[in-house]
Each structure stands twice: as C-alpha cells, then as structure tokens.
Amino acid sequence: MPLGSIKPVLDIGYHIGIEDFLGGDYTYHRFSLEYMHNLRSKIGVTRYQIQAGKILGEVPYPLMFLPVTNESLYRNKESYNLMSNFEYGADEYFAFWVDHHFDGKIFNKIPGIKYLQFRSILSMKAMIGNASEKNQNLILMPAGMSVPDKWYVETGFGIENIGKMARIDFTWRLTQRDKPDINHFGIKLSIAPGI
C-alpha cells in the first residue's frame, strides 16, 4: 500500500493455475505490472498509473483480465466509472490512468469561490487489450462482452474539498459510444475527507 512516498511505486504480480491440482481446470501463468507515480509542479500534482498484464496458457473469460467497473453513483478510484460490468475481457492488456489535482490554482482565482476552498481535478482512463480466439471460445462469453481491441477512453473533471468532506466527478465516455445500453456521461460522488 503506497503511504504517500514521492518515489515511484512498482507492483508486480504473478499467479499460476495448475490443471488437476486442488480442483484446477486450466494450466496458465498470469503476469501483471502496475507503475504509479506522483509528479509535483507549480500547478498542482499529477498522479499517473501504467498497468499491463498477460496470461500464458488457456483460460476462459472468468479467468481473464476483467476490468474493474463501477455502475453505482459512488465514485471508485480503482475502476472504470462508465464501463459496464462484463463489457470487456482480455488475456493481455495495457492501461494508462492520469489525474491532475490543481490544488486551488483555478478556483482560487474566482472571487467568492476562493473562500470555499474547492479544488479542481482533470482525469482520464484508457485501456486496450486482446484475447486469443481459443480463450474466447473455451466458455461462451456473456452477451455484450467483447475484447478491448480498440482503445476504451473515459475522461472528466471533478471538484474536491466540498465542505472539506466530499468530491463530485463528471465523466464522459469518449470511445465505443455506439454500443447498446452504455452510459455516455456519469456523475459520481465520494467522501474524501482531509483534502
């Protein structure tokens, strides 16, 4: 768990599945990598993450990389906030997340708003991936589920430090907007005290 270090954080993961061992049905090796860093500047703090993963071996969709999604009204910083549940599955993927906290550099310039001590944020999350035909066909994927072979991108802005307790985010989905039953825009709330 990062504890606020200014140094980059690298998280490397490895999982193994062994067929016929403790009831396992598939043999596979799953590798994941996450790199996180905070960059401070005169206009605030930029936080970014680079994520990547690959699975070697045969796995059906429940064992693939399934992006963490969020269909609730509450903001989850570890999820894609406009992606539907089981919308994508991949056996290899790359993702890039970035948000910039202006630390009052914008709202402090607006008379009257300055005294509320609101803080503005810009954010963007993007991912792309692939899955082999064999893995896609091991178990029939749910209706509407696909491989993220083109970039999925969502972006938005937020206001934090509302009453020193809350944050609100306004998010737009920029890609794959022609899919049925998806949200193009969302408003998410969260409790973020002490900002």
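## Strands and the sheet

Two strands pair if DSSP finds at least two bridges between them. Strands themselves are DSSP runs of E with at least two residues, helices are runs of H or I with at least four, and both are numbered from the N terminus. This is a predicted model, in which local features need pLDDT of at least 70 and side-chain atom pairs count only at pLDDT 80 or more, while totals for chains, interfaces and linings use all residues. Residues are numbered from 1 along each chain as its sequence is written, and side-chain values use heavy atoms, with hydrogens and water left out.

Here, eight strands make an open sheet, ordered β1-β2-β3-β4-β5-β6-β7-β8, with antiparallel pairing. At the edges stand β1 (9–17) and β8 (185–191); each has a single partner strand, so one side of each is left without a neighbour in the sheet. From one strand to the next, the twist averages 15 degrees; axes for such angles are lines fitted to C-alpha atoms, for helices over the stretch in contact, and the angles run from 0 to 180 degrees between N-to-C directions.

Strands of a sheet pair through backbone hydrogen bonds, either parallel or antiparallel. How many bridges join β2 to β3? There are 14, and the two strands run antiparallel. They form a hairpin with two residues between them.

V45 stands opposite H101 in β4, and I50 stands opposite F96 in β4.

H37 belongs to strand β2 (residues 28–41). Is H37 buried or exposed? Its relative accessibility is 15%, so H37 counts as buried; buried means under 20% relative accessible area, exposed over 50%, and partly exposed in between, using a 1.4 Å probe and protein chains only. Leaving aside neighbours within four places in sequence, H37 is in contact (heavy atoms within 4.5 Å) with I6, K7, P8, T46, R47 and Y48.

F96 lies in strand β4 and counts as partly exposed, at 27% relative accessibility. Beyond its neighbours within four places in sequence, F96 is in contact with Y48, Q49, I50, M124, K125 and A126. P111 is 15 residues from F96 along the chain, and their C-alpha atoms are separated by 36 Å.

## The nonpolar cores

A nonpolar core is a set of buried Ala, Val, Leu, Ile, Met, Phe, Trp, Tyr and Cys residues joined through side-chain atoms within 4.5 Å. The largest one here has 20 residues, of which Y80, M83, Y93, A95, M127 and Y152 touch the most other members. Strand β4 (residues 92–101) gives this core its largest share, three residues. Apart from this core lies another, of five residues, including F107, F118, I168 and F170.

A95 shows some of the surroundings: leaving aside neighbours within four places in sequence, A95 is in contact with Q49, I50, Q51, Y80, A126 and M127.

## Aromatic rings

Rings of Phe, Tyr and Trp (its six-membered ring) pair if their centres lie within 6.5 Å; planes under 30 degrees apart count as stacked, over 60 as edge-to-face and the rest as tilted. A search of the whole structure finds 12 aromatic pairs. In one of them, the ring centres of Y35 and Y48 are 6.1 Å apart and the planes meet at 40 degrees, so the pair is tilted. This pair links distant parts of the chain, with Y35 in strand β2 and Y48 in strand β3, 13 residues apart. Y35 is partly exposed, with a relative accessible area of 27%, whereas Y48 counts as buried at 16% relative accessibility.

F107 and F118 form an edge-to-face pair, 6.1 Å centre to centre with 80 degrees between the planes. Both F107 and F118 are buried. Elsewhere, Y80, Y88, W97 and Y152 form one aromatic cluster. The charged end of K125 sits over the ring of W97, 4.2 Å from its centre; the rule asks for NZ of Lys or CZ of Arg within 6 Å of the ring centre and within 35 degrees of the ring normal.
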